[in-house]
Every structure is written in structure tokens, then in C-alpha cells.
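This report walks through a protein model, from its overall fold to its charged side chains. Have the sequence and coordinates open while reading.

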Amino acid sequence: MRLYSKPEKDTTSAKQYHGVKKLEKVSPGELNNYVLESPLQAIEFLCKAKIASLETTNGWCYISCAKCSKKLQRGNSSFTCPTCFNAIAVGVVRYRVELLVEAGDDKSLFVAFDSAMTKLTGIRAAEVAME
């Protein structure tokens, strides 16, 4: 695992690192501790690990709002979006896949959402659901 950052006086293109400041190897466990213990922020990282298994206990997809991508609540005859406050929301099938990854002796659970899984599989969740 690596957290990508760029040293202050590094002449490497900022586009390559998306404006981050330092390159540091970390294990999945160290990354998890960093995320849990740090203040809320957006970070990018490159994870080099092997997918050990797909965790299917919670399924592989969810029905989302077509407008905001948040999970819809199922009613008797329609879906409701609690985020958009839309009482008759249109549902879209999207990926939500739990991946158990290994890097050496360290294991971590990663959750991959729709765009990442579509890139990985080359097929949209709605197409998979139709099969």
C-alpha cells in the first residue's frame, strides 16, 4: 500500500500525484488506523494488494436514487429517497462490493462502489442484475 504525497521541493509533476505531498509505503492495517484516527478528510492512495475473496454477506449491489446515488428506502409500491426527499424516486442498480484484500500477512476489507467496480469488471451493475 502506498499513500501518495509529494515532497515540498520535488520537481515531479503535481498532476502525477494529484497535488499530494509525500510517497510512503503503509500496510492495510496502518492505512485503516490512519483513516480511523485522523480528522475527516479526502485522501487518495494506491493499494497494491491481492483480492483474497468477495464478501457476499451484505450482497453485491443496492438500489440507488437516479438523482443522488444514495440508497433508496422501499415502500409498499414505490421507492423513497431520504436524501432528495423524493417520494416516488426512480431506482438504479449500483455496485457495492466488499473485497477482502491481502498484502503480505495483513488483510483488510475494502468497499468498492459503482464506478470502481464498473471499471474493474467492464460491465454495469444494472446489466449484471438483468442476467
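## Surface and fold

The protein chain has an accessible surface of about 9600 Å², and 54% of that belongs to carbon and sulfur atoms. The model is predicted. The chain has 131 residues, of which 19% count as buried.

Four helices and ten strands make up the secondary structure of the protein chain. Their order along the sequence is β-α-β-α-β-β-β-β-β-β-β-β-α-α. Among contacts in the chain with a separation of 6 or more, 48% are between residues 24 or more positions apart.

## Strand S9 and its partners

Strand S9 covers residues 91–103 and pairs with S4 in the antiparallel sense, over five bridges. S4 itself spans residues 50–55.

S5 runs over residues 61–65. Here isoleucine 63 has valine 93 in S9 as its bridge partner.

The pairing of S9 with strand S10, residues 106–113, is antiparallel too and comes to eight bridges. Leucine 99 stands opposite phenylalanine 110 in S10. S9 and S10 form a hairpin with two residues between the strands. In that hairpin, glycine 104 takes a positive phi near 70°.

## Salt bridges

How many salt bridges does a search of the whole structure find? The search finds five. Side chains of opposite charge can pair when their charged atoms come close. The table lists salt bridges from that search.

| Residue | Partner | N to O distance |
|---|---|---|
| Glutamate 102 | Lysine 50 | 4.0 Å |
| Lysine 107 | Glutamate 102 | 3.5 Å |
| Glutamate 98 | Arginine 96 | 2.9 Å |

Take glutamate 102 and lysine 50, whose side chains meet at 4.0 Å, N to O. Glutamate 102 is in strand S9 and lysine 50 is in strand S4, so this pair ties together parts 52 residues apart in sequence. Glutamate 102 is partly exposed, at 22% relative accessibility. Lysine 50 is exposed, with a relative accessible area of 55%.

Lysine 107 also forms a salt bridge with glutamate 102, at 3.5 Å between the closest N and O atoms. Through shared partners, salt bridges join Lys50, Glu102 and Lys107 into one network.

## Glutamate 98

Is glutamate 98 buried or exposed? Glutamate 98 is buried, because its relative accessible area is 8% and the cut-off for buried is under 20%. This residue lies in strand S9. Its salt-bridge partner is arginine 96, with the closest N and O atoms 2.9 Å apart. The two side chains are also joined by a polar contact of 2.9 Å. Arginine 96 is partly exposed, at a relative accessible area of 25%.

Which residues does glutamate 98 touch, not counting those up to four places away in sequence? They are Ser53, Leu54, Glu55, Asn58, Leu109, Phe110 and Val111.

## Loop residues

Alanine 49 sits in the loop between strand S3 (45–46) and strand S4 (50–55). It is partly exposed, with a relative accessible area of 34%. Leaving aside neighbours within four places in sequence, alanine 49 is in contact with Val101, Glu102 and Ala103. The C-alpha atoms of alanine 49 and lysine 107 are 9.1 Å apart, though 58 residues separate the pair along the chain.

Serine 69 is in the loop between strand S5 (61–65) and strand S6 (73–74). Its phi is near 70°, a positive value in a residue other than glycine. Serine 69 is partly exposed, with a relative accessible area of 29%.

Phenylalanine 85 is in the loop between strand S7 (79–81) and strand S8 (86–89). It is not a glycine, yet its phi is positive, at about 60°. What is the relative accessible area of phenylalanine 85? The value is 73%, so phenylalanine 85 counts as exposed, the cut-off being over 50%.

Key
Residues are numbered from 1 along each chain as its sequence is written. This is a predicted model: local features need pLDDT of at least 70, side-chain atom pairs count only at pLDDT 80 or more; totals for chains, interfaces and linings use all residues. Side-chain values use heavy atoms; hydrogens and water are left out. Buried means under 20% relative accessible area, exposed over 50%, partly exposed in between (1.4 Å probe, protein chains only). Contact means heavy atoms within 4.5 Å. Accessible areas come from the Shrake-Rupley method with a 1.4 Å probe; for residues, only the protein chains shown count as cover. Two strands pair if DSSP finds at least two bridges between them. A polar contact is a pair of N or O atoms within 3.5 Å; within protein, one must be able to donate a hydrogen and the other to accept it, and residues adjacent in sequence count only if both atoms are side-chain atoms.
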